[in-house]
Amino acid sequence: MKFKHRLAYYLFGAMIGVMFLIFFLNNKKADFCYLPNCRVLKNIRSKAMVISPEAQQKLDEKWITMDDIKACTEGGDVDFSRSKEKYKGGTIYVIEGESTKGESIEVEMVNYDNKVLFKDVKKI
């Protein structure tokens with residue numbers, strides 16, 4: 001069989017496979033979350049959040065809101081070089097992101113087995 005015939009059969013089969021994936025598996029609402037940054041942020045978002053007194057003081061100053069923290073945990077970047085410290089039975093993660101106003105912020109979260117402690121937030 002000539003190369004162009006083999007290529008045509010291959011492309012036809014690949015097209016059928018892609019159509020199968022698009023039409024039948026599109027409604028699963030699955031997301032690609034296999035990279036370390038995505039996995040840590042998804043784990044943090046899935047647990048109940050407890051606010052520390054230091055963080056509550058910053059929230060009371062009104063320069064940052066919980067919406068800013070949620071935006072940072074959805075689209076931020078985990079700084080793994082400064083994370084992974086142990087803190088009272090949990091692991092500290094430093095997340096760099098932006099607030100809803102576009103300001104750069106740095107959030108410290110302590111990840112426990114059943115909850116997340118919102119430890120501190122800083123402007124950078």
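Phenylalanine 118 has its place in strand 6. The model is a predicted one. At 0% relative accessibility, phenylalanine 118 counts as buried. Leaving out residues up to four places away in sequence, phenylalanine 118 touches Met49, Val50, Ile51, Ser52, Ala55, Leu59, Met66, Ile69, Val107, Glu108 and Met109. Phenylalanine 118 and glutamate 54 are 64 residues apart along the chain, and their C-alpha atoms are separated by 9.1 Å.

In soluble globular proteins, nonpolar side chains tend to be buried together. The largest nonpolar core here has 18 residues, of which Val107, Met109, Phe118 and Val121 touch the most other members. Two or more residues of this core come from each of helix 2, helix 3, helix 4, strand 4, strand 5 and strand 6. Apart from this core lies another, of 5 residues, including Ile92, Val94, Val110 and Tyr112.

Helix 2 spans residues 36–45, and its buried residues are Val40, Leu41 and Ile44. These residues cover an arc of only 95° around the axis, so they lie on the same side of helix 2. An α-helix has 3.6 residues a turn, so residues three or four places apart point the same way. The cover over the buried residues of helix 2 includes helix 4 (66–75), strand 2 (77–78), strand 4 (90–98), strand 5 and strand 6.

Tyrosine 112 is found in the loop between strand 5 (104–111) and strand 6 (115–123). Is tyrosine 112 buried or exposed? With a relative accessible area of 14%, tyrosine 112 is buried, because the limit for that class is under 20%. Leaving aside neighbours within four places in sequence, tyrosine 112 is in contact with Lys47, Tyr87, Lys88, Gly89, Gly90 and Leu117. Tyrosine 112 and phenylalanine 32 are 80 residues apart along the chain, with 24 Å between their C-alpha atoms.

The rings can be considered next. A search of the whole structure finds 0 aromatic pairs. Lysine 115, however, lies over the face of tyrosine 112, at 5.3 Å from the ring centre. The charged end of lysine 119 sits over the ring of tyrosine 87, 4.9 Å from its centre.

How many disulfides are there? The count comes to 0 disulfides. For cysteine 72, the closest cysteine sulfur is that of cysteine 38, at 14 Å, which is too far for a bond because a disulfide needs the sulfur atoms within 2.5 Å. Cysteine 72 is buried, with a relative accessible area of 1%.

Most residues other than glycine have a negative phi. Lysine 62 has a phi near 70°, a positive value in a residue other than glycine. Lysine 62 lies in the loop between helix 3 (53–60) and helix 4, and with a relative accessible area of 67% lysine 62 is exposed. Lysine 88 is not a glycine either, yet has a positive phi of about 50°. The loop that holds lysine 88 runs between strand 3 (85–87) and strand 4. Lysine 88 counts as exposed at 68% relative accessibility, and is among the contacts of tyrosine 112.

Conventions. Residues numbered from 1 in each chain as written. Heavy atoms only, no water. Phe/Tyr/Trp six-rings, centres within 6.5 Å; stacked < 30°, edge-to-face > 60°. Lys NZ or Arg CZ within 6 Å of the ring centre and 35° of its normal. Helix = DSSP H or I, 4+ residues; strand = E, 2+ residues; numbered from the N terminus. Buried < 20%, exposed > 50% of the residue type's maximum accessible area, 1.4 Å probe, protein only. Contact = heavy atoms within 4.5 Å. Arc of directions from axis to C-beta. Core = buried A, V, L, I, M, F, W, Y, C linked by side-chain atoms within 4.5 Å.
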